[in-house]
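Here are a few exercises to work through with the model open beside you. Try each one before reading its solution.

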Amino acid sequence: MNKSSVRVSLSHLDELWFQVSGTRCNLTCQHCFISCSPHNRNFEFLSRDDIQGHLKQSAILGVKGYYFTGGEPFLNPEMTDILIDTLQYGPATVLTNATVMKEEWLSRLRIAQEQSRYSLEFRVSIDGFSADTNDPIRGQGTFERAIRGVTQLVSHGFLPIITATRTWPDSEDQLVLGAFYKILKRHGYKHPRIKLLPTLKIGAEENRNGGYSKHQRVTSEMLKQFDVTQLVCEHARIVTDRGVHVCPILIDSADSLLGNTLQEAVDTPFNITHGACYTCYQYGAICSNISTRNLATGIEA
Amino acid sequence: MSTRLALFGGVYNNYLALEAAIAKAQKIGVDEIYCLGDIGAFGPYPNRAFPLLTDNNILCIQGNYDDSVGNDLADCQCGYTDARDNHFAQISYDYTLANTNDEHKTWLRSLPAEIEIEVEGQRLLLCHGSPRRTNEFLWESTTPLHFIDLLLNQREVDFIAGTHSGIKWDAQTASGRYVNVGVLGRPENDGNTHVWFTTLEISGSSIEHQFHPVDYDYQRLGREMSQEGLPDEFIETIHTGWWTTCLEILPQKERAAGYH
């Protein structure tokens with residue numbers, strides 16, 4: 001296949017992501033697409049100073065929103081300050097497993113959000129509505145700890161977006177979502193926000209359930225009449241300690257590194273030849289808070 | 001010398017609020033009234049808003065709803081992605097599409113996607129969602145000031161007005177100003193039953209904007225929605241001022257300000 005035929009250029013840098021805790025995480029989830037763990041040092045922490053520099057540059061580029069991921073972002077000792085800095089520039093979202101947060105951090109973040117014109121979003125990963133369904137994927141005791149984190153967030157006025165990777169058959173969406181709503185309401189989250197994600201068959205997930213077949217690729221034919229704004233690489237880039245990459249999913253792939261500066265990465269198109277690009281094509285920009293397409297089929301009144 | 005404009009946001013079939021807003025704008029004394037699109041949606045009797053707009057020479061932009069209804073598309077192109085949001089949006093759209101006359105559909109098709117005007121030396125861009133996409137949601141808490149600067153500079157204007165998201169807000173930046181003019185179609189998720197429009201007072205050196213609440217017979221609207229078989233959730237919003245649907249698109253701050 002001619003790679004240039006599946007080349008996607010960035011239209012505008014709407015979303016700027018930061019791999020803020022590198023690949024370090026206190027958990028070792030079996031479906032993690034970049035295999036994060038307490039010992040994975042493939043990517044290192046970003047410093048507050050690094051991020052300040054990028055925030056300044058991002059304002060010139062007109063970035064619309066900032067996302068922080070890892071690993072577990074709150075393992076980075078500067079995370080609270082980084083989020084407070086970011087709220088001076090625009091809306092911030094942090095993707096967390098909610099198992100390591102401290103009251104003091106949340107108090108400071110609550111005040112920072114109140115003083116900012118911008119929203120601070122927490123996305124909390126929970127992959128099942130019970131310990132029986134969540135813990136085999138995310139680790140022993142993680143369900144209880146994550147629910148405790150959600151309760152903490154809610155008590156500070158935050159409305160976390162519960163992010164669940166769909167590790168169940170599509171036909172069970174309604175059942176699973178219903179159970180999620182029930183358990184979250186029982187823990188004091190009155191109107192839960194829930195976002196479903198498809199699995200990405202790379203990293204640890206490839207070992208768990210197998211990877212993409214060679215046919216699961218985006219072709220030039222598939223891109224005809226396709227709205228490329230659905231793809232995250234069309235409007236986002238991610239900063240790691242190595243440079244600026246195309247998207248949060250592919251940082252382990254050598255070709256994802258597009259430059260040392262935001263401007264270089266903005267100016268460089270990307271060939272969407274990976275299996276994960278096929279998932280992004282199928283489901284839209286799944287990484288964003290508001291996905292570009294509807295994944296869930298359930299209706300919760 | 002100055003010019004006064006009224007800017008209406010989404011009407012959403014709420015012809016009673018539209019009628020009240022026109023009366024209020026006339027009382028204030030405006031030179032022109034503009035509507036930034038989405039004539040249909042949510043409320044009852046879709047045909048009733050059109051004569052109010054045309055008889056009062058209101059200049060309209062084509063919102064995503066107008067494009068969909070005018071062209072008999074399958075959905076409203078509102079930009080929701082949550083299943084529940086889309087479920088209710090589809091009920092509203094199917095009702096509006098089925099009950100809009102062909103002559104009004106023809107009129108909707110004729111509307112411009114945006115209007116750029118120069119008034120008293122000030123350059124204004126009136127759009128539905130954003131200058132770059134009709135159904136882009138620009139919320140106060142997720143739209144950085146530097147992003148607004150970018151939009152103003154790209155279009156070389158002093159002022160941008162939009163609607164679409166349903167909650168009014170404003171921002172002054174180094175390059176100019178953005179104002180979301182609010183909507184007439186439903187209250188803005190603050191526990192009040194009134195709706196909002198915006199006026200601009202434009203002189204050679206400045207643009208002053210003001211938001212105006214519009215009281216209207218919301219109980220009658222609720223009764224008529226019920227008669228038309230529209231969902232109880234929509235009627236609850238009209239009666240309480242709290243959104244019950246289209247909630248998942250809201251960012252943290254705007255969601256936390258509501259009841260649901």
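**Exercise 1.** Find what Gly10(B) touches, leaving out residues up to four places away in sequence.

*Solution.* Start with contacts, meaning heavy atoms within 4.5 Å. Gly10(B) touches Gly37(B), Asp38(B), Thr163(B), Gly182(B), Val183(B), Leu184(B) and Gly185(B). Last, check accessibility: at 0% it counts as buried (under 20% relative accessible area, 1.4 Å probe, protein chains only).

A quick note: this is a predicted model, where local features need pLDDT of at least 70 and side-chain atom pairs count only at pLDDT 80 or more, while totals for chains, interfaces and linings use all residues. Residues are numbered from 1 along each chain as its sequence is written, chains are lettered from A and ligands numbered from 1 in the order in which they are written, and side-chain values use heavy atoms, with hydrogens and water left out.

**Exercise 2.** How many residues does each chain bring to the contact, and how many salt bridges cross the interface?

*Solution.* Count residues to begin with: 33 come from chain B and 38 from chain A. Then look for salt bridges (a side-chain nitrogen of Lys or Arg within 4 Å of a carboxyl oxygen of Asp or Glu); the rule finds three between chain B and chain A. Asp14(A) pairs with Arg132(B) in a salt bridge, their closest N and O atoms 2.6 Å apart.

Methods. Buried < 20%, exposed > 50% of the residue type's maximum accessible area, 1.4 Å probe, protein only.
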